[in-house]
Structures are given as structure tokens and as C-alpha cells.
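Here is a note for a colleague on the structure shown below. Please read the points with the structure open.

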Amino acid sequence: MATLSAGNVSAAVRRDWLVGYAMVAPVVLGALAFVVLPLGMVVWYSLHEWNVLANTFTFVGAENYGRMASDDGLADALLASLWFSIGLVVLNIVLALLLAVLLNQRLPGTTTFRTFFFSPVVVSLVAWTIVWSFLLQADGGINGFLAVLGVDGPNWLRHETTAMIAVIIVQVFKNVGLNMILFLAALQGVPEELQEAARLDGAGAWRRFRSITLPLISPTILLVSIITIVGSLEVFAQIDVLTGGGPGNSTTVLVYYLYQQAFRFNEFGYASAIAVLLFVIVLVLTLLQWQSRKRWVFHEV
Amino acid sequence: MSAQHTPPSPRLRAAVAAAATSSLLVLTACGGGTDAPVGEPEAPSEPVDLRMTVWTADEAQLELFQSIADDYVAENPELVSSVTFETIPFEDYTTSLTTQLAGGNAPDLAWIFESNAPEFVASGALVDLRPLLESTDGYALDDIVPSALGLWEDAEGLYAYPFSTSPFAMFVNTDQIAAADQTDPAELVASGEWTFDAARDIAAATAEDSGKQGLVVRDFDYQTWENLATVWSGWAAAPWSEDGTQCTFTEPAMVEAMTWIHDAAFEDGAMPGPGTTADFFAGDAAMTITQISRASALDGSFDWDVVPLPAGPAGKQNVVGQAGIGVFAAGEHPDVAADFLAHFTDPENAEQLAAYFPPPRASLLNAETLADANPSLTAEQLQAVVVEGVEDAVTKPAHKNFAQLSETVRAELDALWTEDADVEAVLTDTCSTITPLLEE
Amino acid sequence: MRSDVLSPRARRGWSRWLLVALLALLSVPFVFPTWWMATSSLKPMSEILRRVPTIWPQDPTLDAYGQVFTLQPFAQQYWNSLYIAALVTIGTMLVAAMAGYAFARIRFPGANALFVLVLVGLLVPSEVTIVPLFRIVNSLGLINTHWPLIVIPILGAPAVLAVFIMRQFFLALPTELEEAGRIDGLGRWGIFWRIALPLSRSALGAVAIFTFLKSWNLYLEPIVYLSSKESFTLPQALTQYVDAYGGPMWNVQLAATTLTVLPVLAVFLVAQKQFVQGLAHSGLKG
């Protein structure tokens, strides 16, 4: 926004400012009370050794942060989070786009399919995860299906790579419907005339998708990828039910690790330090995405 | 918002604040101490409200608790105005309880999982109940089976009452076993040949015949490894030394026991492998090791029996699972809460609780008392499995650093649950990883 | 008004049906779990836990649905969830529309800094701040009330996405419409209420669906803040259907889950057209 000098503004403009402040006041005050204050408290906790059970709360300075450097578990969790987030975001966005494009073809039954793909979004996460844990068993439904195709399916939740893939897939199917709807809406906003013009120019379907559709929906891609990345760092219940963080530490993502430290090991101080780290990571990632938008997001207003 | 969520009246809040301040003073007087013993409660300036967190949501159980509590309120109107039982879902119990503690809203009393017991005992979060229970008329503290208290006491005091002390036993699907022409485990028990090897052979043969699974250690699922204690105890093996400082995963007994488990799963086909869950109660397995209280899950769709745990090379070892009730030092009225606990668990009320939870009191451990609680079990089964199953029983592994150990061992043992695992090498790795945690 | 990736020929004939077949195949992993959930609520426990899931109950029974209502004040809990979600949705729409409008259209000093401050909420997983929030709520004496479940989502982190969506929408709204209002003598407030807000119905629809779903499925917070059964919300109530020994009563839980899911799905089925078109006309389009 343009820089404003407070010196030479009219009373009317000042009144306009006041309206502006009044309109943003609820969310700004809310952010201060329910986001910034709690975050500040978390930072304060992170400077302490806090054992909830023993009721000890001792100032230790930056000790918890020093401890992070030598914590192999944390390094593993960061790596697991990285893989999980990359896998989730890529798969989620590709699948959401694919579904949206398919649903945008005026095929018979589109309304029904749209409801099908959206339905997991409203289903309870626990019920969803439990069904999938049945399906992912060594002799479960998925391997049964693969056997029909002549493929000998892996023991999904018991190998490091497949367990990670399984957790990602379960999460993608659960939430891809929302992103699909956002993409679908964006696709419907792409003007038909542009497509026609390109077609007359002899551009093929793929070429038109890449050169016209993708740039035009890029603001939606940005929004969706921000939401999905932030969401991917909050995954918890699925991991708890499906793998418990295993095998080994392969699916112990950062939030799960944080949860373990805080609520299972009662290390609230250290957990708070991890929370601060998690926050910084999300902040940096989002800033990077936001900064990079100028390079790939078409006509960001 | 709606009527039942109105905040407490100002008067009450003032009383609560006053009580909180006084208990704070008490705590400071005991040197920041948290595990100072409590004595007879002094009447607070106004009767207080007590809150106990539980993980049961069963109406009948909650009604029983409430009726016991109502009697107490009627007898002690100057102490207590109400007792509330707050249900927290099983899965989120520890999270929620910890958040309440961290948020400065500790409940007065709480149910505590056995795996958390040493941590709670060692941390000083709970008050010492022994002096009060010893001095309470008719409480008969010495009626409680000593082995049931081990987990809940240290050199200085006793920190919880183990209201549920439930032996592990072997349930068998006699339909499947008969169909596979295998010997009925009950016969082997009678002839003294009921061993883990015999159980394995029957399980493997039955699984092969039924196309289902053999022996399931319930709730183990290749994650909750501490449930394997029901097996390795037969080898007299344990994950760490009694004082909790030495890793004993590499002791010969443990290596032998773990090799037996590994082979039962990967070579003999006697146990379902990882990634395969089989529910005995749904008829998916020939036998299962679990607590007898699960008998209620049997719906009569097949014939079954329940027998004691088999003997291992080191003989037969009873194993119990427990849950305790403790009083939080950080609660607002620990003395009143402890007095209520003494009422809640006195012999008379313990007998009522026995309708749902196998009691730790010797006087209640007889087939007649237990029959009411377990209508699906015969007197002989109750005698063999429950009454005798509590004698000299061990609990599942526990440690004051248990949460971290449990997670770390789980991650290490994942390497064991593959077909070609080197048992000894995995256990050696496990020991080297957990030794620092044991020494902490 | 639609983009077409495929050539005109592809929209005809067999390749068209091939795409339908592809959609049908893709639907399986989306639909099966929900199908299983709904049909399993008609099965006895032992059948639910069968390793190979049965597609249709062998001996369907509605027993579980009766138990849903006898074991807990389920109707009351349904009402709790419903009114909390409704209040949160309305509150969020209002608050987010105002803030989104001001951030997009009014150039007051510090707007950027304040917007970034608000955006921080988007970046904080709820596990991170649950303990301090609990302390705040506790110190206000609001434990076991619905206040924290209503106020925090409207003003705190969960509302940020709504603010963001509304801001994007108002950024894309042509200024001419507002100019017309200004010429008619409307002040800023009047322009917002009379012109901008009615025009933003589509974006508000998107916000409403997001917000309602989030509140409807909220799990960790109710468990932490609420302690009496009468005040429970649905996701929390579902976990309370357990037998005397803490084992979940799957049939009852699934019946209750089905009861919480079907109405929302039905609303989506009816409203999806408006919803998608609403989004298409909102600032989220290209």
C-alpha cells in the first residue's frame, strides 16, 4: 500500500481511517489476545524448565534451544515433516486440479461425483482414519484389490517409506475435496473466449492448459498451497491412529513430536521451544511463498 | 451460554479463592512440597466442590460413583457440597489432564493409568495418603494385597488406591480349537502341561485349520510393546532392573523370550504378524491374552473358555493391569479430597466398586463377590483366573521416565518385527539407546 | 463460462464415457469409507471388527441408533454443536467481511502491519497455543462454558483464513461500483453495508462453509474446555460411547457419526451449485 504521510490529510480522510480502524479492530484485538499473547506466553515458557507433574517452573534461559541442536529426535522429526509436507502438498494439489478439470467437462453425473469427492471433508476424522487403518492392513482391502491386479502389495504401515505414503494418501483423500472445489471455482472463472482464441491459433489441449488456464488460476494455486502447507504441519490424529509415529521414527512429524514432548513426556518448556521453532518455520515458508508469488502468480492485485 | 453453563456465583467463587489460598499456604509450609501427607481435613469456611476425572463414560458406573459420593456429601455437609465426576475420553485422558494441570485447574482427584504411576509417584504431584488411610477407622489398609500397592508407593508414602487390579488371562475359542482337533487348553491346565510352547502349537495348528489367526496378545499390535510382559514374564524376563536403572533387554531370559515371540509370529504362524490385527471377540483368532474384564465383549457367537496364563521356562507368572485413584497436591482442597477418597474406597464401597473393577482387597477376592461382577464367568474360572491370578502378580513394566522409554523402545523394536531380524542385535541396540533414559 | 482442456471431439463419444469411468474409479477411495461408516452402524460389533470389511450388513439392525440417544443427551449435544457452529459462522462472516473490506479498500496508516499481525494467526497450529489459551480461559473463569468455543474462533486464529478470503475478494471488486455509491452520498460505512457486503455474498458463502465445517469438527478444544456431558459438542460426544471397560462401542459411535455427517452432506448436495458458483465469482478466481 502507498506510503501515507499523516501531515497533510483532510478531516474526511481521517474519518475514513477511523472507520478502517474500527472495522479491523475485532480481528486485530482478537489476534492480540488469542494469537500474539498466547505465542508470547509460549516463548516465555520456552525459556523455562517446566514439569507440569512435579509443578516445577525454573528459568533456564536459552537451554531448551541449545538442547534442540543435539536432539536427534528433533532432526528426524524435521525430516519427516519435510517429506510429509512435500508429498502432501504436491499430491493434494495435483489431484485437486485433476479432479477439478475432470469435473469441469460437463460430463454426466458431475453433481454426484462432486459430492463424492467432497464427502470426506465432512466425515469425522476419527471414523475416516479407522476405516483406512483396516484397509491398509497387510491383508486388508487395498492389498486385496492389488492382488486382483496381480500386484503383491506391501505391508503398508510397517515399512518406513510406505507408511509415510499411506499417511499422506489418507490425509489427501480426506481433504482434497475442499481444494478441488476452490480450483473448480477458479476454472469456471477462466473466460471461454481465451480458450477459443487459442484453439483457433492451433494450440493443443495441454498447451492451452499450461499457457492459459494455469496462469489464470495461479492466485488460487497460491492460496491453496499456503493453506495446504500450513495444514500439513498440523496433522496429528491420523498419525496417532495409523502409525503412532513409526515404524522407527519415520512418521513422527514435528507436531507429533511436539505433542509427545508436551503431553506425554511432560516437557512443557522444551515443547514450547519446539512450538516456537514450528512457528518460525511456518512463518518463513509462508513469507517465501508470498514473496515468490510475483514470479509465478498471474495478475496478483 | 445456556442455563447449565452459568458461571459459579460470586459467593462461591470467593470461597473457592479462599480455599485455594489456604491450600497454597499449606503447600508452601511443606517446603514447596507436593507430596506432604494429608491428615484429617479441617472444615473449610464453606463446603467445597470436589472434582474427579475419570475415563469411563459408562452410565451405570458413573451412577454408582455418584451414589457413593452423595452418601459422603450427606454425611459431611460441612466439608463438601458436591462431588463431580468428569469423564475425559480414554485416548485424550493424559493430554487433557496435563492441560488442566498446566493451566492451573488441577482436579481434586483423578484416575491414573498404571503406566503413568511411577512418574506421578516420583514427581510429587500426588499427596501421600498412607497416614490418613491408616488412621481412618474401619478402612483396613492392610486388607489390600501388598503386591497391588507396589506401583503406587515409594519409601515415603502411598500415593494412590489401585481401585482396579485386573489379572491377565488367556481366552480361548473352544469351537475353533475343537474343529482343529487340538487339545482343550483347560485339560492342559488340569494336567499341568499348559505352557507357552503348548499354547503356540495349538494356536498355529488352529490358525492353519481355521484360516484365521492363532494367538493374539491383545492391544500389542506391534506398538504397545509393554503388553508383551504377559508373555516374557513366563521367562522371568523384564525390560529393566527392578530399580529401573539397568537395561535388561539383553539378558538371556529376555533374548530367549523375544526370540520365542518373534518366531511365533514369523516362523510358526502362531501369532498374527505386524499389520494384521485380529479381534478374538469377533471370532478372528483362536486365543488371546487380555484382562478378564473383557469377558463382557463376548456375545455368545462362539464357545469360549478362559484359563490362566501359560507357564514359561521360568514357571507361571501372574500379571495384572491396574488403575489408581490419587489426590492432586495442586488441587484446591487436597485434605478434603483425600478424606473423600478414604470414603470412596473403604471396604464397604470397595465391594460396590468390585461390581466393575477387580478389587485389590483380599477380603473381596473370592469367587462369590466377583460372580456378581462377571456373570459370564463360572466360579471355577473366577477362582483360577482372578482370585489366584492376583497372587504375587507383577504389573506391566513401569518407570518414572516411562513415556519416553515406551516411545523409544517402540521405535527400536520396530526393527525386530521383520522376518529376518537379528533378535540379539536389535535388543543390544535397544539397550544402548535407552540406557541414558534409564539413568536420567 | 468454462475452460476446456480437451478437444471438442473428446467431449463426444466413447472418450467421454472413459472419463466418466475414470471419475467413478477415483470415487471409490472417497466414498467407500463413508459407505462403510454408514452401513456399519447397522451391524453388530463383531461384524464391524471383521478383518475383511463387509459391504452390506448381514443382519441389519437399528439398535445402535436407539442407544445413541439413551446413553447420552445426544439431542442436547447436537444442539450445542449446531448453535455454536451457527454463532461462529455468523460472527466470523461479519467480522471477516469488515476486516477484509478495510484491509482491501481503506488506506489507513499501518494497514499493512496490522494485516500481517492478523495473518500470523494463520500460521499457528492449535496444539501450539492450547496450553496458554487454556490458562487465559481458566483465569477468566470460563472453563466448562461455550464461550471459548465461540469467541476464540470468531476473533482468533481460525478466523484469519476468512479475513484473507474476504480481503482477496474485495481487492478484486471493481472500484466503479463504490464510486457510484460515493456519488449517491454514501459514507464509507454505507458503502460497505449497502454495496460491498451484498456484492460479496458469494465469498461470504465460501467463508460460511469453511467456518461451519471447522467449528462442526472441532475436537481438541472442546475436550480441553468442556467437562460436563450436557455441554459437550458432537465430535467430543462421539468418543463417549464406550462400554464399561473403556472399549469403544463401534456400532453406536458409527451411528452417531452417521447422524452428524449426513445432514451436512445433504446441505452440501443441495447447496453445492451455489457454493461453487459463488466461489467462482469471488476473489479466488483467476
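The points below take the chains, then their interfaces, then single residues.

1. **Ground rules.** This is a predicted model, in which local features need pLDDT of at least 70 and side-chain atom pairs count only at pLDDT 80 or more, while totals for chains, interfaces and linings use all residues. Residues are numbered from 1 along each chain as its sequence is written, chains are lettered from A and ligands numbered from 1 in the order in which they are written, and side-chain values use heavy atoms, with hydrogens and water left out.

2. **Chain A, fold.** Chain A has twelve helices and two strands. Helices (H or I, at least four residues) and strands (E, at least two) are DSSP runs, numbered from the N terminus. The order along the sequence is α-β-β-α-α-α-α-α-α-α-α-α-α-α. The C-alpha trace of chain A spans about 75 × 75 × 30 Å along its principal axes.

3. Of the 301 residues in chain A, 58% are buried. Buried means under 20% relative accessible area, exposed over 50%, and partly exposed in between (1.4 Å probe, protein chains only). Chain A exposes about 12300 Å², with 68% of it from carbon and sulfur atoms. Accessible areas come from the Shrake-Rupley method with a 1.4 Å probe; for residues, only the protein chains shown count as cover. Take the contacts in chain A between residues at least 6 apart in sequence: 66% join residues at least 24 apart. Contact means heavy atoms within 4.5 Å.

4. **Chain C.** Chain C has 14 helices and zero strands. Buried residues account for 60% of its 286 residues. The accessible surface of chain C is about 11200 Å², and 69% of that belongs to carbon and sulfur atoms. Among contacts in chain C with a separation of 6 or more, 70% come from residues 24 or more positions apart.

5. **Interface of chain A and chain C, extent.** The size of an interface is often given as the accessible area lost when the parts come together. Chain A and chain C bury about 9400 Å² between them, and 76% of it lies on carbon and sulfur atoms. Buried area is the accessible area (1.4 Å probe) that two parts lose on being put together, summed over both. The contact involves 103 residues from chain A and 94 residues from chain C.

6. How many salt bridges are counted between chain A and chain C? The count is one. C:Arg188 and A:Asp16 form a salt bridge through their side chains (2.7 Å, N to O). The rule asks for a side-chain nitrogen of Lys or Arg within 4 Å of a carboxyl oxygen of Asp or Glu. Helix H1 (residues 11–46) gives the most to the side of chain A that touches chain C, with 23 residues. That side of chain A divides into 78 nonpolar, 16 polar and nine charged residues. Here Ala, Val, Leu, Ile, Met, Phe, Trp, Tyr, Cys and Pro count as nonpolar, Asp, Glu, Lys and Arg as charged, and the others, Gly among them, as polar.

7. **Interface of chain C and chain B.** Here 32 residues of chain C are in contact with 37 residues of chain B. The buried area is about 3000 Å², and carbon and sulfur atoms give 54% of it. One salt bridge is found across this interface. The side chains of C:Lys229 and B:Glu59 meet in a salt bridge (3.1 Å, N to O).

8. **A:Val282.** A:Val282 sits in helix H12 (residues 268–296) of chain A. A:Val282 is buried, at 2% relative accessible area. Not counting residues up to four places away in sequence, A:Val282 touches A:Val230, A:Leu233 and C:Leu123.

9. **Backbone points to check.** The peptide bond from A:Gly246 to A:Pro247 is cis, with omega near -5°. A:Pro247 lies in the loop between helix H10 (237–242) and helix H11 (254–264) of chain A. B:Asp181 has phi near 60°, a positive value in a residue other than glycine. B:Asp181 is in the loop between helix H7 (174–179) and helix H8 (185–191) of chain B. Is B:Asp181 buried or exposed? B:Asp181 counts as exposed because its relative accessibility is 68%.
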